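Please keep the sequence and the model in view while reading.

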Amino acid sequence: MSEYYCHECAQRRGFTYSTETVDLTGTEYQLGKYVKHHFPVKNRGTVSVFESPDYQTYASCTLSATASGSAEIDDDGRLNMIFFVGKTVGTTYQDGNFIIPTDTIKVVLHTDPARIHTYPVNSANYERSKCADCGKDILI
Ligand SMILES: [Zn+2]
């Protein structure tokens, strides 16, 4: 099961890194992820797409999440950042069909400047998650 840490506890544990100077489409891998999460989906499977297609919004979403978000250590031991925006930032599709609007930003691989990328998720996936250190709600 994934573990969660509120921003303060994540900072204390050294889980947070600034992405201010990172080029988020600097590698072919990142460019592929950018395209995947910004343009209408015809692919099979589950994909979340941002509402706003421009790079500037993508960069500021990513920065907000790494500067103020909560940390997730997922089942594979990867460190991700999660930031609740509280308004619709995108949409999740399944096999090209609308599933649910998304109101939360997730930054994955944020310690790797060549692979870091960001996509929108739904806060309902996290609503019962508490900080493993202090017990606070992780989406606050
Ligand atoms: Zn905490």
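What percentage of the contacts in the protein chain with a separation of 6 or more is accounted for by residues 24 or more positions apart? The share is 56%, where two residues are in contact if their C-beta atoms, placed from the backbone, lie within 7 Å. The model is a predicted one, so local features need pLDDT of at least 70 and side-chain atom pairs count only at pLDDT 80 or more, while totals for chains, interfaces and linings use all residues. Residues are numbered from 1 along each chain as its sequence is written.

The overall dimensions come next. The radius of gyration of the protein chain, 14 Å, agrees with the value near 14 Å for a compact globule with 140 residues; it is taken over C-alpha atoms, and the globule rule is 2.2 Å times the number of residues to the power 0.38. Along the principal axes, the C-alpha atoms fill a box of roughly 40 × 30 × 25 Å. Of the 140 residues, 34% are buried, a residue being buried if 20 or more other C-beta atoms lie within 10 Å of its own, exposed if 12 or fewer, and partly exposed in between, with C-beta atoms placed from the backbone.

The protein chain has three helices and eight strands; these are DSSP runs numbered from the N terminus, helices being H or I with at least four residues and strands E with at least two. Along the sequence the pattern reads β-α-α-β-α-β-β-β-β-β-β.

The strands can be followed sheet by sheet. Strands of a sheet pair through backbone hydrogen bonds, either parallel or antiparallel. Here two strands are said to pair if DSSP finds at least two bridges between them.

Phe84 has Thr104 in E7 as its bridge partner, and Met81 has Val107. E7 also pairs with E8 in the antiparallel sense, over five bridges; there, Lys106 has Tyr119 in E8 as its bridge partner. E7 is largely enclosed by the rest of the structure, because four of its five residues are buried.

Another open sheet has three strands in the order E2-E5-E6, again with antiparallel pairing. The edge strands are E2 (46–50) and E6 (97–102), each pairing on one side only. E5 (residues 90–94) is joined to E6 by five bridges, and Tyr93 stands opposite Phe98 in E6.

The last topic is the core. In soluble globular proteins, nonpolar side chains tend to be buried together. A nonpolar core is a set of buried Ala, Val, Leu, Ile, Met, Phe, Trp, Tyr and Cys residues joined through C-beta atoms within 7 Å. The largest one has 22 residues, of which Tyr5, Ala65, Ala71, Met81, Phe83 and Ile105 touch the most other members. E1, helix H3 (55–68), E4 and E7 each supply at least two residues of this core, and the largest share, five residues, comes from E4. Ala71, leaving aside its neighbours within four places in sequence, is in contact with Tyr4, Tyr5, Ala10, Phe15, Leu79 and Met81.
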